[in-house]
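Hello,

Here is the structure I promised to pass on to you. Have a look at it first, and then read my notes below.

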Amino acid sequence: MKAIQISIDEELLRRLDADPDVQRLGRSAVMRRAVAAYLHERRARDIAEAYRAGYGQDHGIDAEFTGWGEEGQWPED
C-alpha cells in the first residue's frame with residue numbers, strides 16, 4: 001500500500017471519527033472502502049451510459065428484440 005495525504009473539512013473529519021466502523025477499523029480502511037464503492041458505482045454508471053448511447057433512441061434495436069433488454073446481466077467487478 002501507498003500512504004497518501006488528503007485534505008478534509010474539520011466537521012466532516014469529526015463526523016468520520018465518531019463513526020463506529022472508523023473507530024473499529026481505522027480511517028484508512030474506511031476510506032479504502034469508500035473509494036472502492038465510488039469506483040464501483042462509477043463503472044456501473046459508465047456501463048449504463050455506454051448502453052444508453054449504443055442502444056438509445058437514436059440507435060434502437062430491431063422490433064424482434066423488444067423486451068429482451070432486461071433479460072441480461074452485467075458482470076460484477
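Helices here are DSSP runs of H or I with at least four residues, strands are runs of E with at least two, and both are numbered from the N terminus. Leu 12 is partly exposed, at a relative accessible area of 41%; buried means under 20%, exposed over 50%, and partly exposed in between, with a 1.4 Å probe and protein chains only.

A word on the source: this is a predicted model, where local features need pLDDT of at least 70, side-chain atom pairs count only at pLDDT 80 or more, and totals for chains, interfaces and linings use all residues. Residues are numbered from 1 along each chain as its sequence is written, and side-chain values use heavy atoms, leaving out hydrogens and water.

Now the whole chain. It has 3 helices and 0 strands, in the order α-α-α along the sequence. Its radius of gyration is 20 Å, well over the 11 Å that the globule rule gives for 77 residues, so the chain is more spread out than a compact globule. That radius is taken over C-alpha atoms, and the rule is 2.2 Å times the number of residues to the power 0.38. Along its principal axes, the C-alpha trace spans about 55 × 25 × 20 Å. Of the 77 residues, 8% count as buried.

Enjoy exploring!

Best wishes
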